[in-house]
Amino acid sequence: MTDSVPAETGPDLAGPTDPADWLTLPDVAERLDLSISKVHQMIRDRELLAVRRDGVRRIPADLVANEIVLKHLPGVLNLLGDAGYDDEEALRWLYREDPTLPGTPAAALGGDLAREVKRRAQATAF
């Protein structure tokens, strides 16, 4: 987890590689029907990605699809962590436009290209 300052564009604005929508930790706990302490544990275990925006830890809304965390997200976060990425760097990696994918790696995680995103995350470690 990171305690970094907001994106370079300012504390109230999304950065160029930030997701469009955010959830607070209580929102995620409610959406997943978990306790807030379990959400904190998931962040520590790199099953979820949380960064500070406006002084509040937030999770990109599209990483929590319906009532579950995207299936391949924990694996990708662990691979990026093994490559030395902190949470802010992992967020930028996930939300940077990639012309070889339909949009961003984060968007591809929710579809048929999830395993390709995982392979690319693994390649960053080498």
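This is a predicted model: local features need pLDDT of at least 70, side-chain atom pairs count only at pLDDT 80 or more; totals for chains, interfaces and linings use all residues.
H3 passes H4 in a right-handed crossing.

With H6, the axes come within 8 Å, and the crossing angle is roughly 15°. Angles under 35 degrees count as roughly parallel, and therefore H3 and H6 are roughly parallel to each other. Here the crossing is left-handed. H3 brings Gly 75, Val 76, Leu 79 and Leu 80 to this contact, and H6 brings Val 117, Lys 118, Ala 121 and Gln 122.

Next, the core. The largest nonpolar core has 35 residues. Which of them touch the most other members? They are Leu 48, Ile 59, Leu 73 and Leu 94. As for the elements, those giving two or more residues to this core are H1 (25-32), H2 (36-44), H3 (73-82), H4 (87-95), H5 (105-109) and H6 (114-123). Leaving out residues up to four places away in sequence, Leu 73 touches Glu 47, Leu 48, Leu 63, Leu 94 and Leu 109. Two of the names in that list, Leu 48 and Leu 94, are also among the core residues that touch the most other members.

Let me step back to the whole chain. There are 6 helices and 5 strands. In sequence order the pattern is β-α-α-β-β-β-β-α-α-α-α. Of the 126 residues, 43% count as buried. Among contacts with a separation of 6 or more, 61% are between residues 24 or more positions apart. The accessible surface is about 6800 Å², and carbon and sulfur atoms hold 50% of that.

Last, two loop residues. Arg 46 sits in the loop between H2 and strand E2 (51-53). Is Arg 46 buried or exposed? Its relative accessibility is 17%, and the limit for buried is under 20%, so Arg 46 counts as buried. What is Arg 46 in contact with, apart from its neighbours within four places in sequence? The list is Pro 74, Leu 77, Asn 78, Gly 81, Tyr 85, Asp 87 and Ala 90. Arg 46 is not a glycine, yet has a positive phi of about 60°.

Asp 54 also has a positive phi, near 55°, in a residue other than glycine. Where is Asp 54 placed? In the loop between E2 and strand E3 (56-60). At 39% relative accessibility, between the 20% and 50% limits, Asp 54 counts as partly exposed. Arg 46, at 17%, counts as buried.

Conventions. Residues are numbered from 1 along each chain as its sequence is written. Side-chain values use heavy atoms; hydrogens and water are left out. A nonpolar core is a set of buried Ala, Val, Leu, Ile, Met, Phe, Trp, Tyr and Cys residues joined through side-chain atoms within 4.5 Å. Buried means under 20% relative accessible area, exposed over 50%, partly exposed in between (1.4 Å probe, protein chains only). Helices (H or I, at least four residues) and strands (E, at least two) are DSSP runs, numbered from the N terminus. Contact means heavy atoms within 4.5 Å. Accessible areas come from the Shrake-Rupley method with a 1.4 Å probe; for residues, only the protein chains shown count as cover. Axes are lines fitted to C-alpha atoms, for helices over the stretch in contact, and angles run from 0 to 180 degrees between N-to-C directions. Angles under 35 degrees count as roughly parallel, over 145 as roughly antiparallel, 65 to 115 as roughly perpendicular and the rest as oblique. A crossing is left-handed if the near helix is turned anticlockwise from the far one by less than a right angle, and right-handed if clockwise.
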